[in-house]
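Me: I would like to go through some helices of a protein model. Please show it to me.

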Amino acid sequence: MIDERVEVLTNDEVAEDFFLARLEAPHIAAYAQPGQFVNVEVNAGGMPFLRMPLSVCAVHKQINCIDVLYQNMGPKSDELSRCRVGEQLRCLGPLGKAFVQADREVRSVLVGGGIGVPPMIFLGSELVKKGAEVVSLVGARSAAHHLADSFFQGAATRLDRSTDDGSLGHHGLVTELLERELAAGPCVVYTCGPHAMIEAVARACVERDIPCQVSLEEYMACGIGICVGCVVRVENADADNAYADYKRICVDGPVFDAREICWEH
C-alpha cells in the first residue's frame, strides 16, 4: 500500500444518494484485488479529520484508474460528493484482505445490499473473466436506490433484484432470493452489506455447510490496524490470550470466512 495522490476524473450521482467517483490512481489500480478498500482523505484542510474507507468497485488498469461507489450519508461522503473533476486527493491503498476466489467450475452467488454492492461488482467481474457462472443478488429499499443494469454488465451472468417496497424485482428481502439459490444446488456464496443481512446470509450458508465469505462493513478510523477501533469477535480463539478473541476488520479482514465470526457479538 502507498498513500497515493489521486485525481478525480468523474464524480456523478448514479442512483438516489449514491455517487460513483473515478480516480486516477496508478499504484492502487495495479495492485487492488476484489474485497480490498482504500482510505480517502476528503479534505486536506482538517475537517472532517478522519479519512473515508471505500471499497474498490472496479479497476481499469489500461487507464490507471479505480472506481469507488459511495452513499452520501454524512460529512465525509458529502464532502466527497462536492469534489470536482480535476481535484486531487490523498488515497491510501489498497488495504485489507481480498476474497479467495472459487474455481471457475463452481457456481458463485454474490449477495449485496446498500453500499455493500461495490465489492460484489468488482468480484463478479473477476469471476466472469475466469468463465465462472456468477449469480448476483442485489437488495435495496426501493427502485431508486438500485444501480442501473449497466453496472453489472460483465460482472454477473444472472442478476436478480429485491426491494423492500416492491417497486423493483422481488418484493421482500434479498435473503429470500438467496434461499432459492441455495436450494438449486452446490455453490459458493460471497456477501457484503448491512450487518443484519450479512448475518442472515452467513447463518443460512453455515446451516447448509455451504462455503461463504463475508466482507464486513465497519467504521475504520485508520484503516491500517493501529487504532483497533474496528474489531470483531471470532470463534475458536486462543483461550490463553484474551486479545485473540478479536480481529481487526481493516487488516485481518474485511473479508472473513462466515464460520469464523462470532455472530452473537
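This is a predicted model: local features need pLDDT of at least 70, side-chain atom pairs count only at pLDDT 80 or more; totals for chains, interfaces and linings use all residues.

Residues are numbered from 1 along each chain as its sequence is written, and side-chain values use heavy atoms, with hydrogens and water left out.

Me: Is H4 roughly parallel or roughly antiparallel to H5?

Reply: Helix H4 covers residues 174-183 and helix H5 residues 195-207. Their axes (lines fitted to C-alpha atoms over the stretch in contact, with angles from 0 to 180 degrees between N-to-C directions) come within 10 Å and cross at roughly 20°. Angles under 35 degrees count as roughly parallel and over 145 as roughly antiparallel, so H4 and H5 are roughly parallel.

Me: Which residues of H5 make the contact with H4?

Reply: Contact means heavy atoms within 4.5 Å. On the H4 side it is made by Val174, Thr175, Leu178, Glu179 and Leu182. The residues of H5 are Met197, Ala200, Val201, Ala204 and Cys205.

Me: How many residues of H3 are buried?

Reply: Helix H3 spans residues 117-129, which is 13 residues. Buried means under 20% relative accessible area, with a 1.4 Å probe and protein chains only. Val117, Phe122 and Leu127 are among the buried residues of H3, and what covers them includes strand S4 (52-60) and strand S11 (188-192). H3 is mostly covered, and its buried residues number 10 of 13.

Me: Which residue with a positive phi follows H3?

Reply: The phi of this residue is near 90°. The residue is Gly131.

Technical notes. Helices (H or I, at least four residues) and strands (E, at least two) are DSSP runs, numbered from the N terminus. Angles under 35 degrees count as roughly parallel, over 145 as roughly antiparallel, 65 to 115 as roughly perpendicular and the rest as oblique. The expected span of a helix is 1.5 Å times one less than its number of residues. Buried means under 20% relative accessible area, exposed over 50%, partly exposed in between (1.4 Å probe, protein chains only).
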